[in-house]
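This briefing accompanies the sequence and structure shown below. Please read it alongside the display.

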Amino acid sequence: MSQDSHHGKWTISSSDDDDDLPLSGTTKSSTTIPKIEEATVEVKPEPANTPVSSLVIGSEARQSAAANQVNPLKYESSPSLAGKRKKEVSDGSGWTLSDSEDDDGDEKGKSLGNSPKRAPPSPKTKKVKVETERPPSPHGRLYYIDEPEDFFESSIPCLNDPYRFYLNKVTGLDRKYNSGALHIKDILSPLFGTLKESVQFNYCFDIAWMVDQYPSEFRDRPVLVVHGDKREAKARLLQQAKPFPHVRFCQAKLDIAFGTHHTKMMLLWYEEGFRVIITTSNLIRADWYQKSQGMWMSPLFPRLPNGSSDDEGESPTFFKRDLLEYLASYRAPELEEWIQRIREHDLSETRVYLVGSTPGRYVGPDMERWGHLRLRKLLYEHTEPIPGEESWPVIGQFSSIGSLGLDKTKWLTGEFQRTMTTLGKSSVRSAPPLQLVYPSVEDVRTSLEGYPAGGSLPYSIQTAQKQLWLHSFFHRWKANATGRSHAMPHIKTYMRASPDYTQLAWFFVTSANLSKAAWGALEKNNTQVMVRSYELGVLYVPSAFNMKTFPVSGNPFPVSSSSGFTVPFDLPPTCYCLKDQPWIWNIPYNQAPDTHGNIWVPS
């Protein structure tokens, strides 16, 4: 059928309302896979030496993954190839896409992996839990070219920046746009401290690649990996770490279905002190290569004198207390020593507020501990009303979208917009403009990566067609000021801007995409909030910097002494025109090739 929207027409099969579409060359199961309303998925690439087992994309892959592992689709002839060259396809490494749908059994008493599927050819073949997969890069292993010699800094970059907000380096840009930006090797460099131990919180890992990012002198120092993988995905992660005995694991508890461990944070313990990095990047090479990412890097926190009390070393933003509370929410013995280490350090220089999400259902005062209600509380307490604030737009920018309801009032312009429009004790009730920045098909097609960049923008047709109302809020990804217009965003930022876009009332960088799973949703007549996932970000409010508002930096690169705040994309955002369509990752794009001469044919 054809689905009309404000931004073009989608042509999809007549069964697009179902989440169990068959793959080409496979038999459709008679069992209906439960629809996923809340999950926000993100690509989980396997290490580069993983063999290609199948070329499946989208939720329909859950039905046939077991059969495909026995009889994998051939790369050269698969009609399901995404990112296919028009004339020729080169080999590439496999990408496994894992999402929180695997946790359906936690609430419903059964696992998707145990539902009936097409019988494998041999009765002796053990059934394999269903996974979804993303096709390999059409560029093969040479896709990830070596960075130029000047890609890494030879000195500590711009640590006098009062905001301590940095973009990642992007290969393929003019050198000036990487001046002052950070790569993971910069972060782990000895220039920042003599590393003793570290913790890596993340959603997606390539362990061998992660270990290689540490400088040689620190490469065998203990690393604790905090993850949310279960069952087969966990087994694969542990297998990756076998060659690295210094890597240990901590599994985050995901007690609510469809939740993910999406937090991206590094804890770095040095001989000289302690540091926290909160970022938007997975620990895989693709995320640090040609995507737009962001991070907050803390100052170097010195150790407190022996005998100091636990409440010493606190910042005016109570960052120490909130970080300890977030770590305690894991209820993990593996983190206890890190909780104690943080208590022993002075975090008083921190000027940002910590905003996290942890899975659970919360009532009473606990409703304001996590998610968007936590953000609302901070904005209420630490910002001030602004004259004419009803004309100050709220801007949200993200890389994935969950199911938000049948109309805008169900969540987006209800509870979520109420949070985003909070400015102190203001009584203004008229809603300001809401502008959502999400890449269009054309943005992805013309990106540095081409269509494969869309594999990290997992907005599905099944979700999109239920919320066409959302697309009228969409704005293009344009980032000429930072040189990143063609580096597709994996960063997530939210802010309140002045009508002329020269000032910010606040700024928030986080792992949280636009989903109820990430931000939480009110239940039981607004007496309870339910949060599914772990997320983490930092909030900048002007009062913590002795300012009324943040001036927006009009020209952030090359880095100068300007006191302006670096917004990753151009302001004002560019509204979609009638021909623009939001990128949807599980429908074909074969009318025009991308920057590498490829088309996108997911099924």
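How many bridges join S15 to strand S22? Four bridges join the two strands, S22 comprising residues 528–531, and they run antiparallel. The model is a predicted one: local features need pLDDT of at least 70, side-chain atom pairs count only at pLDDT 80 or more, and totals for chains, interfaces and linings use all residues. Residues are numbered from 1 along each chain as its sequence is written, and side-chain values use heavy atoms, with hydrogens and water left out.

**Three-stranded sheet**

- An open sheet has the strand order S15-S22-S21 with antiparallel pairing; strands are DSSP runs (E, at least two residues) and helices are DSSP runs (H or I, at least four residues), numbered from the N terminus.
- Two strands count as paired if DSSP finds at least two bridges between them.
- At the edges are strand S15 (360–363) and strand S21 (521–523), each of which pairs on one side only.
- On average, neighbouring strands of this sheet are turned by 30° against each other, direction ignored; the axes are lines fitted to C-alpha atoms, and angles run from 0 to 180 degrees between N-to-C directions.
- Within the sheet, Arg361 stands opposite Met530 in S22.
- Strands of a sheet pair through backbone hydrogen bonds, either parallel or antiparallel.

**Annotated lysines**

- The unreviewed UniProt entry carries the annotation "binding site" for Lys264 and Lys492; UniProt positions are given in the numbering used here, feature names are shortened, and annotations may be inferred rather than shown by experiment.
- These positions span 229 residues in sequence, yet no two of their C-alpha atoms are more than 11.9 Å apart, so they gather at one spot.
- Lys264 is placed in the loop between strand S10 (247–251) and strand S11 (265–270), and it counts as buried because its relative accessibility is 0% (buried means under 20% relative accessible area, exposed over 50%, partly exposed in between, with a 1.4 Å probe and protein chains only).
- A polar atom of the Lys264 side chain lies 2.9 Å from the backbone oxygen of His262.
- Lys492 belongs to strand S19 (residues 492–497) and counts as buried because its relative accessibility is 0%.
- The side chains of Lys492 and Ser399 are joined by a polar contact of 3.3 Å; such a contact is a pair of N or O atoms within 3.5 Å, where within protein one must be able to donate a hydrogen and the other to accept it, and residues adjacent in sequence count only if both atoms are side-chain atoms.

**Helices H6 and H9**

- Helix H6 (residues 319–328) is mostly covered, with seven of its 10 residues buried; among them are Phe319, Lys320 and Asp322.
- Thr419, in helix H9 (residues 412–420), counts as buried because its relative accessibility is 0%.
- Leaving aside neighbours within four places in sequence, Thr419 is in contact (heavy atoms within 4.5 Å) with His372, Leu373, Leu375, Arg376 and Leu379.

**Backbone geometry in loops**

- Most residues other than glycine have a negative phi, and most peptide bonds are trans.
- Phe318, in the loop between strand S13 (294–297) and H6, has a positive phi near 55° and is partly exposed, with a relative accessible area of 41%.
- Asn525, in the loop between S21 and S22, has a positive phi of about 55° and counts as exposed at 72% relative accessibility.
- A cis peptide bond with omega of about -5° joins Leu571 and Pro572; Pro572 lies in the loop between S24 and S25.
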